[in-house]
Amino acid sequence: QVQLVESGGGLVQAGGSLRLSCTASGRSFYTMGWFRQAPGKEREFVGAISRSTGNTYYADSVKGRFTISRDNAKNPVYLQMNNLKPDDTAVYYCAASIFSYSTSSAGYAYWGQGTQVTVSS
């Protein structure tokens, strides 16, 4: 049974940092992605990492502030978020795919339960 479990969300002031982690079990994946969804908005791509090569991809809105990493080709995958802004407030989801990275949520078959990130001004 495939499971993705996120952790690390919370409340932080603007300008602060948080690190999310995602642990996958049940099978191997080619790409791990992060998405977020704010109230009343569609789920949007944040970034992704190739588990084998370590290549990373980011949305323009987080480039230079967020970093995705992994210790090795296995678990876990991290999302380091620096210089957080109130607009970053959302539920953050870890996603996994057996294919190369996509910015569309349709490109990921497996999802975690989500973790809340709230940035106060």
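Trainee: In what order do the strands of the open sheet of four strands stand?

Mentor: Please keep in mind that this is a predicted model. The order is β1-β3-β8-β7, and the pairing is antiparallel. Strands β1 (3-7) and β7 stand at the edges with a single partner strand each, so one side of each has no neighbour in the sheet. From one strand to the next, the twist averages 15°.

Trainee: How many bridges join strand β3 to β8, and how many join β7 to β8?

Mentor: Strand β3 (residues 18-25) is joined to β8 by five bridges, and the two run antiparallel. Five bridges also join β7 (residues 66-70) to β8, again antiparallel.

Trainee: How do side chains point along a strand, and why is strand β8 described as largely enclosed?

Mentor: In a regular strand, side chains alternate between the two faces of the sheet. A residue counts as buried when its relative accessible area is under 20%. In strand β8 (residues 77-81), four of the five residues are buried, so the strand is largely enclosed by the rest of the structure.

Trainee: Is Asn83 buried, partly exposed or exposed?

Mentor: Asn83 is partly exposed, its relative accessible area being 43%.

Trainee: Where is Glu6, and which side chain of opposite charge is nearest to Glu6?

Mentor: Glu6 belongs to strand β1. The nearest side chain of opposite charge is that of Arg43, 7.8 Å away. A salt bridge requires the charged atoms to be within 4 Å, and Glu6, although buried, has none.

Trainee: Which backbone nitrogens does the side chain of Glu6 reach?

Mentor: The side chain of Glu6 reaches the backbone nitrogen of Gln113 at 3.1 Å and the backbone nitrogen of Gly114 at 2.9 Å. Leaving aside residues up to four places away in sequence, Glu6 touches several others, including Ser21, Cys22, Trp34 and Tyr92.

Notes. Residues are numbered from 1 along each chain as its sequence is written. This is a predicted model: local features need pLDDT of at least 70, side-chain atom pairs count only at pLDDT 80 or more; totals for chains, interfaces and linings use all residues. Side-chain values use heavy atoms; hydrogens and water are left out. Buried means under 20% relative accessible area, exposed over 50%, partly exposed in between (1.4 Å probe, protein chains only). Two strands pair if DSSP finds at least two bridges between them. Axes are lines fitted to C-alpha atoms, for helices over the stretch in contact, and angles run from 0 to 180 degrees between N-to-C directions. Lys and Arg count as positive and Asp and Glu as negative; His and the chain ends are not counted. A polar contact is a pair of N or O atoms within 3.5 Å; within protein, one must be able to donate a hydrogen and the other to accept it, and residues adjacent in sequence count only if both atoms are side-chain atoms. Contact means heavy atoms within 4.5 Å.
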